[in-house]
Amino acid sequence: MSELRADDPRRLGEYRLSRRLGQGGQGVVFLGHSPAGAQVAIKLLHASVSKDADVRRRFLGEVEAVRRVAAFCTAQLLDADLDGDRPYLVSEYVEGPSLGEHVVARGPRLGGSLDRLAIGTATALGAIHRAGVVHRDLKPGNVLLSLDGPRVIDFGVSRLMDAAATTTRSPIGTPAYLSPERINGEPAGPAADMWAWGLTVAYTASGRHAYMADTYQEILARILYGRPDLRGLSGRLREIVEACLARDPRDRPDAEETLRALLGQDAGTGDVLPSGAQAATPDERPPTTAPSTSPDETPATFPEGMSAVAAGSASATFPERTPATVVGKARRGWLVAVAGVVVVVAGVVFWLRGAQDPGPADARNGTADQGATPTHATTGEPPPGNPTVPPLDGVWTGSAEHPTAGRIFPVELRLRADGGSTMRWGADLHCSGRLTPTRSAVVFALGQVTGKACHAGTVRVVPSDDPNRFSVKVTRSDDGAVMYAGQVSRAS
């Protein structure tokens with residue numbers, strides 16, 4: 001982090017810039033602040049990219065896909081502006097060094113620390129791939145080590161850079177982490193990310209790139225024809241990394257199968273991403289100063305002296321099958337996961353026009369007043385005095401800001417016409433609660449809350465001109481003070 005330079009902007013849109021966080025081939029990253037003062041990371045893209053109207057149009061679609069990435073071990077995209085002369089992306093600010101910086105300063109990671117890194121990055125790739133996004137530039141520099149565990153950043157951004165470089169035949173990405181198919185000019189799919197994941201874990205274990213050479217050309221040749229240096233890896237973790245470094249992308253396990261192997265879970269045992277995010281959490285974390293915005297989740301624990309991967313090694317094995325069938329089954333499992341796993345978003349919305357005061361409700365236990373009409377809040381049937389409430393049924397995702405704590409965090413909401421509406425929020429969406437309709441069509445009691453330092457309250461919604469986008473306001477159940485507010489969008 002360094003001071004702003006004389007030619008650096010001081011503002012981008014509504015965001016105030018205060019420091020430089022870094023610079024790379026895609027642009028310059030700044031520490032920014034929202035109008036309420038929350039810290040965010042802002043990537044100002046290079047002007048050469050912004051002048052390409054076709055690239056910008058294509059990247060708008062990529063931005064929408066990136067917004068759908070669930071908040072498990074990732075830094076979520078919060079905002080984007082590609083229309084002006086200075087296009088930029090706004091994401092969660094993750095305080096902590098990159099994995100590359102950490103290894104250089106403190107050496108390789110071992111034991112449980114290495115396992116948590118492997119689990120956290122595999123969890124992030126699982127979330128990224130579920131949204132139909134490919135990272136394309138996973139490496140130690142794009143993994144940040146926060147108090148909540150590893151966070152993968154910059155996913156999806158390199159697609160823009162590839163589009164901008166269509167006049168060249170050179171692959172875009174860090175040479176030592178390019179997969180064979182990318183070197184050969186083939187499309188980069190999720191399997192290319194798993195190759196980079198294996199090399200990232202290998203680097204973390206040894207402090208050396210698995211494919212080292214003096215020149216760019218030699219590195220590419222070793223990737224195509226040589227063997228990786230996997231010193232520092234042993235046992236089950238080494239086997240999993242080797243499976244991800246199969247030369248044929250069809251022979252590599254996908255992210256969720258890899259994560260299940262790391263955790264020792266069998267297929268069909270439920271959503272693996274929340275388990276991965278929990279297991280990636282460090283064992284010791286300082287208490288939060290803002291419980292309602294950065295609540296902690298009890299970290300996963302393993303027998304003393306045993307790492308996460310070792311603890312699950314008895315069952316953390318790929319079934320006996322050829323590498324090709326590994327991928328075939330993994331792809332089918334991935335499709336099932338995409339169809340069945342929609343994580344619930346915390347952010348509910350305040351209707352400024354015609355919203356009535358919520359009826360009596362016990363927000364702490366989620367019990368609404370007997371006179372409540374649940375169908376009003378979920379189906380959109382017009383309640384008395386408010387004939388234009390739009391249908392709210394569906395899954396909504398977005399982010400919320402806590403002005404006092406200066407934090408922005410993801411939220412996810414599922415509203416169901418048949419009842420059972422729920423909400424998740426906080427780091428890795430580990431807070432969860434039940435949303436119970438009140439007498440107002442746009443007010444919910446947030447109760448039955450689980451998660452460390454996660455609190456009950458009242459959720460109000462404010463529809464915008466776009467029926468698939470709402471504002472969010474969450475208040476405490478005791479004094480009615482606003483805790484956090486934001487926006488959510490309905491998943492397509």
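Strand β15 (residues 431–437) and strand β16 (residues 443–450) run antiparallel and are joined by five bridges. Strands and helices here are DSSP runs numbered from the N terminus, with at least two residues (E) for a strand and at least four (H or I) for a helix; two strands count as paired if DSSP finds at least two bridges between them. The model is a predicted one, in which local features need pLDDT of at least 70 and side-chain atom pairs count only at pLDDT 80 or more, while totals for chains, interfaces and linings use all residues. Residues are numbered from 1 along each chain as its sequence is written, and side-chain values use heavy atoms, with hydrogens and water left out.

Turning to the helices, α7 (residues 190–206) packs with α9 (residues 235–244) at an angle of about 145°, and their axes are 8 Å apart. Axes are lines fitted to C-alpha atoms, for helices over the stretch in contact, and angles run from 0 to 180 degrees between N-to-C directions. The crossing of α7 and α9 is left-handed (the near helix is turned anticlockwise from the far one by less than a right angle; clockwise would be right-handed). In contact, meaning heavy atoms within 4.5 Å, are Met-194, Trp-195, Trp-197, Gly-198 and Val-201 of α7 with Leu-237, Ile-240, Val-241 and Cys-244 of α9.

Helix α7 also meets α4 (residues 111–130): the two axes come within 10 Å and cross at roughly 165°. Helices α4 and α7 are therefore roughly antiparallel to each other (angles over 145 degrees). Here the crossing is right-handed. On the α4 side the contact includes Leu-114, Leu-117 and His-129, and on the α7 side Asp-193, Met-194, Trp-197 and Val-201 are among the residues involved.

Finally, four aromatic pairs are counted, where rings of Phe, Tyr and Trp (its six-membered ring) pair if their centres lie within 6.5 Å. Tyr-15 and Tyr-88 have ring centres 6.5 Å apart and planes at 80°, so this pair is edge-to-face (planes over 60 degrees apart). Because Tyr-15 lies in strand β3 (residues 15–23) and Tyr-88 in strand β7 (residues 88–92), the pair ties together parts that are 73 residues apart in sequence.

Definitions and conventions: Parallel < 35°, antiparallel > 145°, perpendicular 65-115°, else oblique. Phe/Tyr/Trp six-rings, centres within 6.5 Å; stacked < 30°, edge-to-face > 60°.
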